[in-house]
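Thanks for asking me to look this one over. Here are my notes, as numbered points to read beside the model.

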Amino acid sequence: MLKNFIKVALRNLTKHKGYSFINILGLAVGIAVCTLIFLYVSKELSYDSYHKKSKRIYRITIDHPQAHVAVTPSMISPTLQQLFPEVEDGVRLLDVGRFSPLVVRHGEKVFEERKIAYADSTLFDVFDFKMLAGDAKTALVKPQTVVITRDMAQRYFGNESPVGNTLEINDNDFEVTGVIENIPDNSHFKFDFFMSLVTRSGWSQLSDSEWRAANFYTYIVLQEGAEILELNRKVNDYISKQFSDNEFASALSFVFEPLEDIHLYSGVREAIQSQGDIRYIIAAIAIAILILIIACINYMNLATARSARRAREVGIRKVLGSERKRLIGQFYGESAFLTLLAIVVSVLLVELFLPWFSQLTGQALTIDYTSTKFLGMIAGAGIIVTLLAGSYPALMLSSFSPAAVLKGSKVTGGSPKLRKFLVVFQFAASIFLIISTMVIYKQINYMQQKELGYKQDNVLVLTAYNDLENRFDAFLSEMEQVPGFKGAALASDTPTSIRAAYGPDVEGIDEPPNYVANGLRITPEFTEALNINIVAGRAFTQGDFTRANQSENREYAVLINESAAADFGTPPEELIGRRVQISGESGPIVGVIEDFHFSSLHQPIEPLYLFPRASFNKLLISFNTSDVSTTLNETRAVWNKMFPQLPFEHEFLDQEYNALYQQETRAGNIFTSFAILAIFVACLGLVGLASFMVEQRTQEIGVRKVLGATATQVMALFSKDFVVLVLIGFLIAVPVAWYTMSKWLQNFAYQIELQWFLFLIAGLVTILIAVLTVSWQAIKAARLDPAKSLRSE
Amino acid sequence: MIKLRNIDKYIDKRFQRTFILKGINLDIQEGEFITVMGPSGAGKSTLLNILGFLDDPSEGEYLFYHEPVHGLSEKRKSEYHKSHIGFVFQAYHLIDEMTVYENIEMPLLYRKVKSKKRKAMVADMLDRFNIVAKKDLFPPQLSGGQQQVVGVARALIGSPKIILADEPTGNLHSEQSEYIMELFKKLNEEEGVTIIQVTHSEKMAAYGNRIINLKDGAVVEENPYEEE
C-alpha cells in the first residue's frame with residue numbers, strides 16, 4: 001500500500017514537473033531561511049552560556065537617573081563578598097584598552113592592542129576559560145603578570161613558550177603566567193590580555209572599601225539556592241544607607257544582570273563591545289516564519305487549485321473501498337514526501353549561502369549536522385510544514401463525494417475565496433517587508449548623511465601616545481609642511497562618541513541634583529580643525545591651554561555647547577565669563593559652541609563641556625584635499641620620522657561614525673535579503689496559480705477570441721484578477737507597516753518621517769512584479785489558437 | 001438480495017422540491033442481469049449510485065442482504081465496496097498515474113491481500129482478459145475498449161457479488177461494446193454475478209434478462225420487451 005502511494009506520488013511529481021518545481025523550490029527556500037535564522041538565533045541566544053556557573057553569574061550595573069551604565073566603583077565586588085554570604089565569588093575587570101590602545105611589544109614584534117583588561121585573580125574561578133598553559137589558581141595573583149590567549153601567544157611568541165616569558169605593555173614589563181584558549185565568539189567580552197589587577201594597587205580609583213569613580217565591570221557568583229532579587233534589594237538598601245551623603249551613590253540603584261542576558265537584553269551604556277538586541281532576534285524569527293508560511297500557502301493553493309485532477313482518483317479509491325482516513329493519510333504522506341525533498345534541497349541551499357549569511361549577520365555560523373538541536377529543528381520544521389501545507393488539501397480532497405466526481409460534474413477545486421485570501425496574505429507580507437526595508441534604509445542613510453555639526457570626512461583618527469602628546473607642537477609644525485593639511489588636535493575622545501561624565505557646577509546656576517554632563521578635554525586647535533562653529537564668545541587659545549596645565553595656580557577655560565546653555569534657560573552671551581567648577585578645578589566660560597552630535601542619533605544632543613586639560617587619547621588630523629592617499633602617505637612619513645617606535649594605526653572619522661549603526665545596517669541587510677526571498681517565493685506561487693487558471697479557462701479564452709477579443713484584452717483579463725488581490729494586500733500591509741516602523745523609528749532621537757510615497761513605491765513595485773509574473777502566463781493564454789482550445793473540450 | 005421500498009431522492013431549492021427519484025420499489029434477486037433504461041435526467045445514474053452506496057436516498061428503505069443501508073457506518077460501506085460491489089464506469093475511471101497492472105491490483109491493496117497472493121490474482125485476471133502484454137502500459141496508452149476491459153478486470157478482481165455499470169459502453173464503438181457485453185453475459189451466466197447496468201442502447205439492453213424503464217424518476221414499466 002505504502003509503495004503504491006509513493007509510486008503514485010512520484011509519478012504525479014514527475015508528470016507535473018512545473019508544479020513540483022515550484023512547490024519544492026518554494027518550500028526549500030522557506031526551510032533554508034528557517035535553518036539560517038535558526039543558526040543565527042541559537043548563536044545569539046547562546047552567549048556566555050558555556051560557563052559552568054553561567055546561571056549564577058550576574059553583572060552589576062548602575063541605574064542612575066541620567067543613565068544606566070555597566071561600570072561600578074571598584075569597591076562593590078569586595079564589599080559585597082564580605083557583607084553578603086549569598087555572594088560566593090566576584091571579579092572586577094578594568095577595560096583599559098577601551099579609551100586608547102596599548103602598545104604591546106616582544107622583541108621585534110610590536111602591535112597596538114585594544115582588547116586588553118586588568119582582572120582580579122578570581123577571574124578563572126568565576127568564568128571557565130580553558131587554561132592551555134600555566135596555573136589558573138595563581139596566574140593573576142602577583143603584580144606585573146599577564147594571561148594571554150592562544151592567538152596572542154602565537155602572535156608574539158610563535159614557537160617560543162610564552163609562560164615565564166616577558167611582554168612589554170606600554171613600556172612596563174609583564175610576566176606571562178598563563179595562556180588560555182581564545183575566548184569563544186559567543187561571549188559578551190573577548191579580551192586577548194588579562195593583566196593582574198593588583199598591578200594597579202595604589203591607583204586612586206582602585207579601592208576595596210572607598211567609593212571612587214565608576215570604571216570597573218563587576219561580576220559576582222550567587223551562591224546556589226540564593227535569591228537574586230532578595231540580594232539585590234539588600235544591596236540597594238545597604239548602599240543608600242551607607243552612602244546617604246554621597247549625592248551620586250544615594251541616587252542610584254544597582255541592577256543585577258544575569259550573565260546570559262547581557263548580550264541581548266542589557267542595553268546599558270559603556271558596554272564592552274557592541275551588543276545584540278532581542279528585538280532584532282524576534283524580528284528575524286518572525287521573518288523566517290513568514291517566509292515559511294508563504295511557501296506553505298503556495299503548496300496549499302497549487303494543491304487545491306489542481307484538485308480537479310486528483311478528484312477522480314479520490315472517487316475511484318473510495319469506490320474501491322478506501323476509507324476517508326486512508327485518503328487523508330495518503331495526501332499527508334504526499335506533502336510529507338514533498339517536504340522531505342524540499343529539506344534535501346534546503347540543506348544544499350544552506351550550505352551554499354551560509355558564508356554569505358555569516359557575513360550578513362557578523363556571526364561566524366557553522367552547522368553541526370549531528371547535533372540533536374539541529375536535527376530537532378529540521379524535523380520540527382518538516383512536521384510543521386507537512387501539517388500546515390498538507391492539511392487543507394488532505395481534508396478537502398478526501399471529502400469529495402465519489403458519486404459527484406465520477407459522474408464527471410465539474411469539481412470546483414477548493415474554495416476560490418480561501419485561495420484568494422491566501423494570495424492576499426502572501427502579498428501583504430511581501431509588501432510589509434518591502435516597506436520595512438525601505439524605511440530602515442532611509443533611516444540609516446539619513447543618519448549617515450546628516451550634518452553632524454563637525455567636519456566628518458577626511459579626518460584621520462590616531463592614538464595619542466604620551467610621546468606624541470609631549471612633542472605635539474613639533475608634530476604640528478612638521479605637519480604644516482604636508483600639502484592638504486588643515487589642522488590637528490588632541491582630544492580625550494573622538495567626536496563620534498564622547499562618554500566621560502562630569503558633574504560641573506556653574507556659577508549663578510542652580511543645577512538639578514545629580515547634574516551630570518559629558519566632558520571632553522581638547523587642545524585649542526580642536527574647534528578650528530573640525531569646523532565647529534562658535535555661537536558666542538571665542539575658541540580656546542594657547543594661553544588657555546598653558547594656564548590649564550601649569551603645575552601651580554591652574555586656571556581652566558571652558559566651552560559649553562548650546563544644549564548646556566539651553567538647559568539653564570540663559571542666553572549664551574550671558575553665560576560668558578561665569579565660572580565653572582569641573583574635574584577638581586575651575587575657570588570661566590569663554591565661549592558657547594554650536595551643538596554637534598557626539599553620540600549615535602539614537603540619543604538627543606546632551607550638554608557638553610570642553611576644557612583644555614591635557615591627558616589625551618585621540619589624535620585627530622583634518623585634511624583639506626581631494627588626494628587623500630598622498631596626504632595620508634606623507635602624514636605616515638612624518639609620523640614614522642618622529643615616532644619610529646609607535647605604530648601608525650589609523651581610522652577615518654566617518655568610518656568610526658558609520659560603525660555606530662552596525663546593528664541597524666545589519667538589520668537592514670537581513671531585511672532586504674529576506675524581503676526579496678519572500679517576494680520570490682510568493683511570485684513562484686503566482687506563476688503556478690496563473691498557469692493553472694490559464695489552463696482552466698482555455699475554453700473561455702477560445703470563445704472570447706472567436707468573438708473578437710484581442711491578445712491584450714485577454715492579458716488584461718488575467719492580470720486584473722491578481723492586481724485586485726495585490727491591492728487588497730497593499731491596503732492590509734500599509735497600516736501594519738506604518739505602525740511597526742513608527743515603533744522602530746522611536747529608537748532614534750533623530751528620525752526620518754514616514755513618507756507616503758515610500759508606501760506607494762512598495763505597492764507599485766509589488767504590483768509590477770505580480771503583473772509581470774502573471775503576464776508571462778497570460779501571454780501564453782492570449783496566443784492560444786482558439787481552434788485548438790475549443791476542440792480539446 | 002436488494003430491496004427498495006418507496007425510495008425518493010429530491011433536492012430542495014428554496015421554495016421548490018425537485019424530485020430525481022420518486023416512489024421507487026424494486027426487488028433484485030441474486031444472479032439477475034438488469035438493465036436500467038430511460039431518457040436523460042430520468043434518474044438512472046442516481047438510482048445506480050444509491051444502489052452502490054455512493055449516494056443516500058432522501059426517503060424510503062433500502063435493504064441490502066436484509067440489512068438497512070441507512071444504518072451502515074462508513075466503515076461498513078467500505079467493507080461492502082471491497083467485498084460485494086464492483087463498479088464499471090462509462091469513462092473507465094482508471095488512475096492515469098498507474099499502470100494496467102497496478103490499476104487492477106488496487107482493490108486488493110485495500111483488502112490487505114498478501115503480496116504473493118495479489119500477484120497470482122492479478123496475473124490470473126490479466127490472463128483471463130488477454131491483456132498480459134499490456135500490463136506495464138498506462139491507461140492513456142490504451143484504446144477505449146482496452147481501458148474498459150481493464151476497468152472490468154479491476155471491478156472483478158475483488159470477486160464481487162454484484163456489478164454496477166453506468167453506461168459501460170457509452171464511449172465505445174460497437175465492436176468493443178459487444179465484447180464488453182459478452183463479457184458481462186458470460187460472468188452472469190457462468191459465475192452468477194448479479195449485474196445492473198445503465199444504458200441508452202436497446203441493443204446493449206438485450207444482453208440482460210430484465211429491463212427497468214425509468215421516466216421522471218419513476219419506474220414506468222418493467223421488461224417492455226418480454227411481452228413482445
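1. A word on terms before the counts: helices (H or I, at least four residues) and strands (E, at least two) are runs assigned by DSSP and numbered from the N terminus. Please keep in mind that this is a predicted model. With that in hand, chain B has 7 helices and 10 strands. The radius of gyration of chain B is 18 Å, close to the 17 Å given by the globule rule for 228 residues, so chain B is as compact as a globular protein of that length.

2. Staying with chain B, its C-alpha trace spans about 55 × 40 × 35 Å along the principal axes. Of the 228 residues in chain B, 46% are buried. If you take the contacts in chain B with a separation of 6 or more, 70% of them are between residues 24 or more positions apart.

3. How are the strands of chain B arranged? One open sheet has 6 strands in the order 6-7-8-3-9-10, and its pairing is mixed. Strand 6 (85-89) and strand 10 (218-222) of chain B are the edges, each pairing on one side only. On average, neighbouring strands of this sheet are turned by 20° against each other, direction ignored.

4. Which strands does helix 1 (residues 44-51) of chain B lie across? They are strand 3 (33-37), strand 7, strand 8 (194-198) and strand 9 (210-215) of chain B, and the helix runs at about 150° to strand 8 of chain B.

5. Chain B also has an open sheet of 4 strands, in the order 2-1-4-5, with antiparallel pairing. Its edge strands are strand 2 (16-28) and strand 5 (67-68) of chain B, each of which pairs on one side only. Within the sheet, strand 1 (residues 2-13) and strand 4 (residues 59-64) of chain B pair in the antiparallel sense over 5 bridges. You can find Ile2(B) opposite Phe64(B) in strand 4 of chain B.

6. Now for chain A, which has 27 helices and 25 strands. Its C-alpha atoms fill a box of roughly 110 × 60 × 55 Å along the principal axes. Of its 793 residues, 42% count as buried. Among contacts in chain A between residues at least 6 apart in sequence, 82% join residues at least 24 apart.

7. The largest nonpolar core has 169 residues, and those with the most contacts inside it are Val33(A), Ile291(A), Ile294(A), Ile435(A), Phe674(A) and Ala678(A). Helix 23 (residues 662-696) of chain A gives the largest share of this core, 17 residues. Leaving aside residues up to four places away in sequence, Ala678(A) touches Leu290(A), Ile291(A), Ile294(A), Ala429(A), Ser430(A) and Leu433(A). A second, separate core of 58 residues includes Leu94(A), Phe129(A), Ala139(A) and Leu231(A).

8. Finally, where do the chains meet? The contact takes 20 residues from chain A and 22 residues from chain B. On the chain A side, helix 1 (2-15), helix 10 (307-319) and helix 13 (402-406) each supply at least two residues. The largest share of that side, 5 residues, comes from helix 1 of chain A. By type, the chain A side divides into 8 nonpolar, 5 polar and 7 charged residues.

Terms used
Residues numbered from 1 in each chain as written. Chains lettered and ligands numbered in written order. Predicted model: local features only at pLDDT ≥ 70, side-chain atom pairs only at ≥ 80, totals over all residues. Contact = placed C-beta atoms within 7 Å. Nonpolar A, V, L, I, M, F, W, Y, C, P; charged D, E, K, R; others polar. Core = buried A, V, L, I, M, F, W, Y, C linked by C-beta atoms within 7 Å. Buried ≥ 20, exposed ≤ 12 C-beta atoms within 10 Å, placed from the backbone. Pairing = 2+ DSSP bridges. Axes fitted to C-alpha atoms, helices over the stretch in contact; angles between N-to-C directions. Rg over C-alpha atoms; globule rule 2.2 N^0.38 Å.
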